[in-house]
Amino acid sequence: MTTPSGCDAIRELLDSYLGNELLVETNHAVLQHLTGCSECSRELAARRRIREFLREALPTAPDAISVESRVLQQLPRRVSWFTVRKLAAVAALLAVVSAAWFITRSLRSPVQSSPPPPAAALLSAVYRNTLDNHVECGLALPESVTFNAARVARRLDPAYLALVDIVERESGPYHVAEAHDCSLHDTKFKHLILRGAGHTISVMTLREPPSGMPPAAVLISKPQASDPIWNLRDGRLEAAASEAAGHLTVLVSDLDWAEHEQLATRVLPPVTTRLHGMAR
Amino acid sequence: MRNERDRRERFIEDAIPHLRGLLRSATRLARSRDTAEDAVQETFLRAWKSFDRFQPGTNCRAWLYRIMFVVLAQYRRAQSVQPILVDFDPALEQAADQPMPDVFTRDQVAAAFDKLPSPFREAVLLADVEELSYREIAEALDIPMGTVMSRLSRGRRLLRGHLRLLVDRSAPGRTTLKRVQ
């Protein structure tokens with residue numbers, strides 16, 4: 001049986017216990033006391049709930065984007081001629097790649113069975129992982145989960161928090177419900193899960209994609225009938241990917257092709273820009 | 001020119017990701033979104049100007065919070081809003097000594113938090129919401145570790161006391177005794 005003075009001493013420590021600020025021995029003593037004292041356990045549960053409510057009651061800072069852009073505008077932006085020339089070269093390359101892609105696509109019927117484009121073949125292993133993660137993590141997210149900034153700030157690498165605002169801003173009727181770090185098949189993802197109009201969409205960023213990635217290109221691939229993963233939900237699962245600054249970002253959705261393409265072309269370029277900005 | 005570009009990229013990588021968290025804290029502390037946005041913007045511009053003095057690898061978040069608290073303190077002085085002095089309130093102390101209520105709402109927790117005087121509100125916010133360590137809070141508020149611990153202890157106790165009083169006042173079965181002739 002616990003003496004009242006014991007309870008008083010333990011209650012003094014409960015907040016530090018919740019904040020992981022106790023020494024190992026003290027932590028052990030608190031745990032031991034809690035297993036035998038229902039009053040202190042109830043007190044601990046109430047204090048934990050206070051913290052959760054405080055986090056939830058805080059404003060979610062929806063104007064972070066405008067403040068961020070005001071700050072960035074005021075930073076001096078001196079760009080050397082070397083950079084200008086490099087940017088021009090990348091723009092030209094992108095224009096050529098885009099033109100080639102549009103021409104190729106316009107010559108091919110969407111329902112026509114054709115071999116996968118070489119870029120998609122190169123990426124098939126990566127796509128498989130991202131599609132698996134969309135199914136196992138994105139689609140498994142309970143319907144009751146809604147966006148909570150404090151929870152996301154705890155669960156997502158802070159360096160990638162800005163992606164949440166960018167994706168939210170560009171996603172039209174779909175809204176970010178959850179963002180966190182997760183991993184599957186030894187691949188680590190920064191995973192943003194969007195919902196809206198009955199659809200679930202994943203935006204997954206992974207670092208250091210495998211070698212053989214085409215540089216600075218935006219690839220948009222259609223699902224292949226031969227690939228069972230791509231055929232999930234009556235073959236309507238679509239994936240689009242972009243690569244930037246040592247990252248690969250893949251958007252997976254069950255939208256129809258035109259809508260998926262529209263969403264991907266809105267979301268991926270600003271994400272890519274941001275990732276370039278993050279790279280040293 | 002190259003250095004300037006590197007500096008900008010380093011700032012975007014190290015400092016900007018903390019903007020959202022700072023804005024959230026500032027909004028709660030300043031109790032006005034406009035003031036919070038101005039304070040955070042000024043914080044980052046000051047941080048940019050002194051970014052050369054920031055040591056890479058040290059805690060950028062605590063450094064930014066430290067700048068923001070200086071900015072917020074200046075705003076408070078400019079607006080002649082002084083921190084509330086903490087008077088000894090026997091009813092509050094008594095409420096804080098009672099066990100925590102089993103049922104309370106998010107709004108009641110937020111209302112109790114808003115009743116805390118600034119120094120305690122700041123410490124509780126950084127520890128229990130933003131999950132900074134004692135050391136980071138000491139750095140952010142520019143106070144010794146011992147002061148962090150005493151502010152947290154007092155702040156959490158006051159928070160529980162205010163919450164208890166709010167819950168007791170809103171209890172549906174609560175009746176007021178009146179002298180009957």
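**Notebook: a predicted two-chain complex**

I began with confidence: chain B averages a pLDDT of 82, and 85% of the residues score at least 70; pLDDT is the predictor's confidence in each residue, from 0 to 100. Over residues 174–181 of chain B the pLDDT is below 50, and beyond near neighbours in sequence this stretch has two contacts in the model (contact means heavy atoms within 4.5 Å). I keep in mind that where pLDDT is low, the predicted coordinates should not be read in detail. For the complex, the predictor gives an ipTM of 0.74 and a pTM of 0.50.

My ground rules: this is a predicted model, where local features need pLDDT of at least 70 and side-chain atom pairs count only at pLDDT 80 or more, while totals for chains, interfaces and linings use all residues. Residues are numbered from 1 along each chain as its sequence is written, chains are lettered from A in the order in which they are written, and side-chain values use heavy atoms, with hydrogens and water left out.

**Where the chains meet**

I found 48 residues of chain A in contact with 47 residues of chain B. The two chains bury about 4800 Å² between them, 59% of it on carbon and sulfur atoms; buried area is the accessible area (1.4 Å probe) that two parts lose on being put together, summed over both.

One joins A:Asp15 to B:Arg160, with the closest N and O atoms 3.1 Å apart.

Which elements of chain A give two or more residues to the side that touches chain B? They are α1 (4–18), α3 (38–57), α4 (64–74), α8 (149–155), α9 (161–170) and α11 (257–278); helices (H or I, at least four residues) are DSSP runs, numbered from the N terminus. α3(A) gives the most, with 12 residues.

**A helix in chain B**

I then turned to helix α8 of chain B (residues 134–141), which is largely enclosed by the rest of the structure because six of its eight residues are buried (under 20% relative accessible area, 1.4 Å probe, protein chains only). Those six are B:Tyr134, B:Glu136, B:Ile137, B:Ala138, B:Ala140 and B:Leu141. Just after α8(B), B:Asp142 takes a positive phi of about 60°.

Definitions and conventions
Salt bridge = Lys/Arg side-chain N within 4 Å of Asp/Glu carboxyl O. Buried < 20%, exposed > 50% of the residue type's maximum accessible area, 1.4 Å probe, protein only.
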